[in-house]
Amino acid sequence: MGHFKINAKDIMFILKEQLNYGRLCGLERYKGQSERILDMLVKEAIEFARGAVDPLNEIGETVGLRFEGNQVICPPEFGKVYKQYGRDGWTAAARDVEHGGQGFPHMMRIVINDFMYGACQSFNMAPSLTHGAAHLIESFGAPALKETYVRKMFDGTWAGTMCLTEPNAGSNLAALETTAYAQGDHYKIKGSKIFISWGEHDLTENIIHLVLAHIEGEPEGVRGISLFVVPKVRVRPDGSLGPPNDVVCTGIEEKLGLHASPTAALSFGSRDGCIGYLCGEKNKGLAHMFQMMNQARINTGVSGMAMASTAYLNALAYAKERVQGRDVAGRMPGEVKIIQHPDVRRMLLSMKAQVDGMRSMIYTGAFWSDLALELPEGEEKRHYQDLTDFMTPIIKAYCSDIGFKVCETAIQCLGGYGYCRDYPLEQYLRDAKIMSLYEGTNGIQSMDLMGRKMSLRGGACLAAFTKEIQGFCDRQSAHSELGGCVRGLSAVVRRLLEMAAAMSDRNISDPLQWASYTYPALMAFGEVIMCWRLLDMAVIAAENLKKKSSEFYRGKVIQATFFVDTTLPHTSATIESCLREGREVVEISDGSF
């Protein structure tokens with residue numbers, strides 16, 4: 001039996017009872033689909049994750065990668081599953097049928113990734129990056145580019161990457177040095193990229209790189225960045241593979257985790273023989289790439305949540321079996337299973353609430369994103385666009401950080417065994433750490449939230465969020481069982497919004513002091529959203545409990561009251577700390593550290 005554990009009942013509760021995701025089938029793009037079809041997709045995705053992807057986690061960790069002669073050699077099982085993944089339609093499940101997709105709702109891509117990342121994070125990055133790269137070409141590429149590349153990327157024949165980072169340009173993309181030189185209908189590409197996930201491998205015969213570069217003679221900085229399709233192997237007009245395209249892997253990183261995911265350094269055009277094709281408008285490369293980057297940011301949050309989910313369920317299974325120690329209250333004779341120990345139960349309940357809350361946060365954000373994309377033009381569509389923009393940095397940062405902490409707590413539940421490779425938890429912890437660094441560190445996400453997202457479209461993003469969460473609090477404040485928790489949440493939300501306004505003013509008057517508090521401010525928003533989503537589930541569960549007794553529904557209520565009552569006091573303290581006038585972070589001299 002593999003390491004991957006998933007509670008399908010929790011998944012379906014959020015999708016069906018909380019979100020009523022079948023409503024999406026009423027949108028024009030999804031006519032002909034039904035909730036029953038979506039349910040079947042979820043079931044089949046879980047089965048594929050368990051049967052095909054799960055075994056790769058241990059194989060990847062024990063066999064790992066080899067770097068020989070500028071090539072990366074992966075465990076052979078990875079290539080087989082990658083091709084099956086594409087053939088079975090998982091890569092392009094939510095893409096248009098015209099280019100080989102299945103046309104499912106966009107949010108189903110997030111749901112599928114939940115299972116696949118939980119089963120093997122290292123592996124699923126490959127098809128996920130391929131999906132993002134192919135979708136960029138599908139969205140912005142000329143017809144000839146779409147015809148040549150998209151279908152073969154979606155069906156698993158080829159793979160794809162995103163190439164942004166350079167040795168002297170990490171998060172500061174304005175410093176990019178990779179250059180494109182016009183050559184008739186194509187460009188010559190020269191430069192180097194680093195930290196390119198799945199930038200070199202043998203899963204497929206070709207890798208299609210989406211590369212950011214400056215066109216010679218165009219403006220410096222971000223205003224002159226364009227996006228290019230750069231294949232590892234050139235493609236002839238008839239679609240067959242031609243000669244190599246002077247894209248060379250100069251090395252792969254030795255990392256804390258993700259040992260089966262090659263992180264490559266790539267050289268483009270070192271022999272003056274690398275060609276690329278403009279994708280989209282000239283000098284609009286960064287704007288185009290943000291489509292893939294925003295998807296990647298959300299998927300980073302999905303990864304943190306997914307590994308936290310299987311970590312929690314592995315810890316739960318262990319706690320139900322491991323016998324050690326006596327009952328602290330003497331309720332049972334002899335040694336007891338450790339799930340009977342209050343401190344272990346505290347950790348399990350904390351993880352249960354954190355995982356369920358993060359999953360609800362992510363799925364809700366994905367549902368809103370679908371509405372933002374597919375509703376007809378109008379006020380409702382703009383509302384969900386504003387919500388999606390607001391939620392993206394929170395999902396990325398909060399879920400990646402808390403996902404890592406859940407993995408840490410799961411190890412603690414197992415005691416010394418959690419630290420050993422006999423169990424998968426230590427690998428989850430190592431694999432999960434990168435998520436707070438990927439796609440812009442969480443500090444960068446916090447500045448995006450507390451800066452740009454607060455003022456974007458005249459404050460529309462914050463207004464949309466406020467409307468949703470305050471509307472919930474107003475509707476449920478008198479709830480017979482949960483009203484006290486809801487009123488407590490409402491009070492914290494009011495103070496949170498006051499903090500956001502004060503910090504927006506401070507961003508103008510004292511940007512250094514503002515920037516030193518943006519991260520705790522983002523985490524306060526994350527905690528408030530978690531309380532909201534957990535209470536929303538608890539309200540639904542409480543209604544069901546009126547009809548019949550159920551441990552499952554009672555658990556939804558208990559996790560909510562526990563999380564809200566133990567978290568909101570910390571949230572309030574965080575909010576007040578963000579409002580203090582202290583400038584120690586800014587004023588301490590470098591020599592005083």
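Strand 3 (residues 159-163) is largely enclosed by the rest of the structure, because five of its five residues are buried. Here buried means under 20% relative accessible area, exposed means over 50%, and partly exposed is what falls in between (1.4 Å probe, protein chains only). Strands are DSSP runs of E with at least two residues, helices are runs of H or I with at least four, and both are numbered from the N terminus. The model is a predicted one, so to speak of a local feature takes a pLDDT of at least 70, side-chain atom pairs count only at pLDDT 80 or more, and totals for chains, interfaces and linings use all residues. Residues are numbered from 1 along each chain as its sequence is written, and side-chain values use heavy atoms, with hydrogens and water left out.

Back to strand 3: A159, T161 and C163 point one way, G160 and M162 point the other way, and all are buried. Strand 3 runs parallel to strand 6 (residues 207-215), and five bridges join them; strands are taken to pair if DSSP finds at least two bridges between them. M162, for one, has L210 of strand 6 as its bridge partner.

K193 sits in strand 5 (residues 186-197). With a relative accessibility of 0%, K193 counts as buried. Its side chain reaches the backbone oxygen of L212 at 2.8 Å. This is a polar contact, that is, a pair of N or O atoms within 3.5 Å; within protein, one must be able to donate a hydrogen and the other to accept it, and residues adjacent in sequence count only if both atoms are side-chain atoms. Leaving aside neighbours within four places in sequence, K193 is in contact with a list of residues including C163, L164, T165, E166, V211, L212 and F268, where contact means heavy atoms within 4.5 Å.

R234, in strand 8 (residues 233-235), is another arginine-to-backbone case: its side chain reaches the backbone oxygen of G273 at 2.7 Å. At 27% relative accessibility, R234 counts as partly exposed. Not counting residues up to four places away in sequence, R234 touches S240, L241, G242, P243, P244, N245, G273, C274 and I275. In helix 6, L145, Y149, V150, M153 and F154 are buried. They cover an arc of only 115 degrees around the axis, which puts them on the same side of helix 6; the arc is that of the directions from the helix axis to the C-beta atoms. The face turned away from this buried side carries the exposed residues P143, A144 and E147. Just after helix 6, G156 takes a positive phi of about 90 degrees.

On to the nonpolar cores. A core here is a set of buried Ala, Val, Leu, Ile, Met, Phe, Trp, Tyr and Cys residues joined through side-chain atoms within 4.5 Å. The largest one has 183 residues, and M107, F115 and F525 touch the most other members. Helix 15 (residues 518-545) supplies the largest share of this core, 19 residues. Beyond residues up to four places away in sequence, M107 touches L15, L19, Y21, L24, Y363, A366, F367 and D370. A second, separate core of 16 residues includes C163, I189, V247 and L266.

Two residues other than glycine stand out for their backbone angles. Most residues other than glycine have a negative phi. N20, however, has a positive phi near 50 degrees, and is found in the loop between helix 1 (8-18) and helix 2 (35-63). N20 is partly exposed, with a relative accessible area of 34%. D246 has a positive phi near 55 degrees and lies in the loop between strand 9 (241-244) and strand 10 (247-252). D246 is buried, at a relative accessible area of 9%.

Lastly, I339 lies in the loop between strand 14 (335-337) and helix 8 (342-374). At 16% relative accessibility, I339 counts as buried. Apart from neighbours within four places in sequence, I339 is in contact with L316, A319, K320, V344, R345 and L348. The C-alpha atoms of I339 and E581, 242 residues apart along the chain, are separated by 45 Å.
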